[in-house]
Amino acid sequence: MSVIFVLIGASLAIAVGFLIAYIWAVKSGQYDDKYTPSIRILFDNQKKQNETESKSDLNNKQGAA
Amino acid sequence: MDILTHKQTAISDEKNEIGKSCYHCGDYCQDDSIKLDEKIFCCNGCKTVYEILSANKLFEYYSLEKNPGIKKNEKIKRNYEFLEDLELKNRLIDFTDGTITSITLNIPEMHCSSCIWILENLYRLNNGIINSRVNFLQKTLNIYFNETSTSIKEIFELLASIGYEPALNLGQKEEQFSKLSYKTLYFKIGIAGFCFGNVMLLSFPEYLSIGTNELPEMKKIFAYINILLAVPVFFYSASDYFSSAWKGLKKKIINIDVPIALGILVLFFRSLAEIIFSIGPGYIDSLTGLVFFLLIGRLFQNKTYDTLNFERNYKSYFPISITIKEGNSEKTIPVEKISVGNRIVIRNDEIIPADSILIKGRANIDYSFVTGESIPVEKKNGDVIYAGGKQIGEAVEVETIKDVSQSYLTQLWNDEAFQKTEESRIVSLANSISKYFTIIILSIAGAGAAFWFSIDSHIAFNVFTAVLIVACPCALALSTPFTLGNTLRIFGKNKFYLKNTHVIEKLAAITAIVFDKTGTITENSLSEVNFDNAFLNDEEKILLKSAVRNSSHPLSKSIYRSLLEFSIHKTNSFEETPGKGIFASINNFTIKIGNNNFVNEKLIIDDEGNTKVYISINNDPKGYLLISNKYRTGLKQIIEKLKRVYQLALLSGDSEGEKQKLRNIFGDESNLYFKQSPHDKLNFIKTLQVKGKRVLMLGDGLNDAGALKQSDVGISISDNVNNFSPACDGILDSKMFHRLNDFISFAIKSKKIIITSFIISFIYNIFGIIYAVTGTLTPIVAAILMPLSSISVVLFTSFSTNFVAKKEKLL
């Protein structure tokens, strides 16, 4: 039966892990806006393409400077 | 999402003929003269935006949503020079490291996914912008930009050029505070939930007596882990209840948090004592569960409308900056730096920030903010112009005679109504009950302890604490937030947005209703145009329509709207004399539209106060149009119903012109007052309150701001809820005005639901107390009774509010 102490310890540790993840999520602002991300995901693909474009632009410029 | 789709529905209403709608904004196009790339635009402003976007290959803007654009007001060309002012800049910036700067702007115009897309792709329009993020619900845009290659001024100009003009409100920094407290509540719930779950897990062996006999040390270790888990709940998650109870006690008020705090304290310390002295397992499960449920209730109650601002004052209406003239040079300064004697340049559509004297130019002032009356007043040199008026027409120069905060209108904010902190005269139901509740519970606990004391002092202590534990008003405390939170949401679905749940209780308690006239019971944009006294054939109506189309005067717009079915001729020449009328020549006709002595060489005597617009064609008088305010649909029925229950009054800034018409609607017993200044309105509410009335004020403009603030419930009526409205307790979409009666009666029914759920929770309490005083309250009974009572009360309130709402056709 003493294995139960190990199991309780393990389960508590996992639960604490989730609690920390939750606190991190709130802290990093994931609960601030519960609507915009649902729309943003619809045009993410195109955007990434553009971002890499603009980044390479930026790099070129920095290189030139 | 009901607030957010406003613009979309507005578009689809107007977009009857698809072929003729503007590619950019979807508005109806007069003709297809403004054309580019096979696309038709309603105005040059829309075309310009399309040009900017297409030049940068941002076509996706138009593919995500149909006609997503915002119609640009070409007349307003703001000058953003003032954003170079260092002090002002620092107030806008979130943080900066010298090169990378972050600012958060409020963009009221964003309304669809295309808006999000374009605003998050700003970097493609301006190289200096590194990244931009939209928070759609709060309508904010966060921009990171490079100081070396762009500036705040340029970003503002860019946003304005594509139709997303940022709203500058320098008071907005305060909002971040409420966001922080929201996060704290999330932390508290998370921790309470985590501890509650684990405590339940560890308490199960105890409930079912599993393994406790074989491994006595297991029981002990579990109990100590429970204490460990209870500590953060007690000290962190529950801390609000202690501080609120303490604050109440200091003011000698026993609020609902006092019995809750008492219950939590007893739960914690008795459990601690039981575990440490190995008496029993304690009530840690009940403690953590109680705090968790209470916090959930608080979260449910905290529904807020992020996009709406209920705390605006005149500063939100007034310009941020103003152009002053020093010698021959002009410069822009922040509005609060204006001092008496400054010479200010006021352009078309700009608001006069301080009481001034007109020095140069023809002023035509729209006082709709101050009086509610939107027909402009003409002013001559040397006339005093009051702050809050809006210039229509050419740029004028004025000299200030008072400071911004000491002007006629703004003085209103110096009234004590704005100084005192929000302390309602109407005590919430839960708080008014808790006083008696606490006293009764304490006396039952005392009596129980006294009875047992002669038999066994140990049992006496147990009974005393058990009563306090079991009577902890969890269900009582939950019934209010869940009922009112649900009511708030149902109101929101019906476009009636309240500041917080307490307003519902106040709304249920009102005894008198005061209405403002213009904009509140009359429709803002729609005036009734009566053609009975105008002798016009169809061809002449076409001429009339073509002529007024060129004018932006509100009366011209009303005439134009009343002639929608007619076609249009091209105007050859057009001239508008502010305050008088318009003169246009179309084909072979000359048409004069305006006031009596502008149109008719020989004055025609008129007697009544109604607005008349005279017409002559080729100098041949054609009579006049009678233009009157249009009352909101359902006004008569609403007043009819409200009249029976409440004392009604009407306050109008206008003259008595419509008195008879209003008397017919309001009846003889209501008070109608005309020519009321903003101060008069405020004082009228005060006198009603002195007489013991609880007043609901309905208003719309800045002129009602004082009355809205002073009243017990101040509701502002708005055609577009996202527009500015003065500080108030609630915002009602004008389309739902005819349901006002239902809203009030639903608020009253919500209050009855709370009372019913109080009775239910009292019944639970009586059962619990019977267990407690007989000394048989075991942890498992407490652990079952507490969640059972809470959950059943929550279910009852949710179902019954929804049921009542359905019956009232609010859902």
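Which residue in S26(B) is the bridge partner of Ile513(B)? The partner is Leu696(B). The report below sets that pair in its sheet and then covers the rest of chain B.

## Basis of the model

This is a predicted model, in which local features need pLDDT of at least 70, side-chain atom pairs count only at pLDDT 80 or more, and totals for chains, interfaces and linings use all residues. Residues are numbered from 1 along each chain as its sequence is written, while chains are lettered from A and ligands numbered from 1 in the order in which they are written.

Helices (H or I, at least four residues) and strands (E, at least two) are DSSP runs, numbered from the N terminus.

## Domains

Chain B is divided into five parts: domain 1 (6-54), domain 2 (177-304 + 425-475 + 752-769), domain 3 (318-414), domain 4 (484-522 + 633-748) and domain 5 (524-631). These bounds come from an automatic or database domain assignment. The C-alpha centres of domain 2 of chain B and domain 5 of chain B are 73 Å apart.

## The seven-stranded sheet

Seven strands of chain B form an open sheet in the order S16-S28-S27-S26-S17-S24-S25, with mixed pairing. Two strands pair if DSSP finds at least two bridges between them. At the edges are strand S16 (496-498) and strand S25 (671-673) of chain B, and each pairs on one side only. Neighbouring strands of this sheet are turned by 15° against each other on average, direction ignored. Strand S17 (residues 512-516) and strand S26 (residues 695-699) of chain B pair in the parallel sense over four bridges. Ile513(B) and its partner Leu696(B) belong here.

Helix H21 (residues 659-666) of chain B packs on the sheet. H21 touches strand S24 (647-651) and S25 of chain B, and its direction makes about 155° with that of S25(B). Helix H22 (residues 678-690) of chain B lies across S17, S24, S25 and S26 of chain B, running at about 160° to S26(B). Axes are lines fitted to C-alpha atoms, for helices over the stretch in contact, and angles run from 0 to 180 degrees between N-to-C directions.

## The six-stranded sheet

A second open sheet has six strands of chain B in the order S8-S7-S9-S15-S10-S13, with antiparallel pairing. Strand S8 (329-334) and strand S13 (384-385) of chain B stand at the edges with a single partner strand each, so one side of each has no neighbour in the sheet.

Strand S7 (residues 321-326) and strand S9 (residues 343-346) of chain B run antiparallel and are joined by two bridges. Thr323(B) has Val345(B) in S9(B) as its bridge partner.

Strand S20 (residues 581-586) and strand S21 (residues 589-594) of chain B run antiparallel, joined by six bridges. Ala584(B) stands opposite Ile591(B) in S21(B). Their hairpin has two residues between the strands, and Asn587(B) takes a positive phi near 50°.

S21(B) also runs antiparallel to strand S22 (residues 611-617) of chain B, with four bridges between them. Gly594(B) stands opposite Tyr614(B) in S22(B).

## Helix pairs

The axes of helix H17 (residues 538-548) and helix H18 (residues 554-562) of chain B come within 9 Å and cross at roughly 140°. H17(B) and H18(B) are therefore oblique to each other. Angles under 35 degrees count as roughly parallel, over 145 as roughly antiparallel, 65 to 115 as roughly perpendicular and the rest as oblique. Leu544(B), Lys545(B) and Val548(B) in H17(B) meet Ser556(B), Ile559(B) and Tyr560(B) in H18(B). Residues are in contact if their C-beta atoms, placed from the backbone, lie within 7 Å.

The axes of helix H24 (residues 740-773) and helix H25 (residues 779-807) of chain B come within 10 Å and cross at roughly 165°. That makes H24(B) roughly antiparallel to H25(B). Contact residues include Phe746(B) and Tyr764(B) of H24(B), and Leu785(B) and Phe796(B) of H25(B).

## Contact with chain A

Here 21 residues of chain B are in contact with 20 residues of chain A. Helix H5 (113-120), strand S5 (129-135) and helix H7 (175-208) of chain B each supply at least two residues of the side that touches chain A. H7(B) gives the most, with seven residues.

Terms used:
Two residues are in contact if their C-beta atoms, placed from the backbone, lie within 7 Å.
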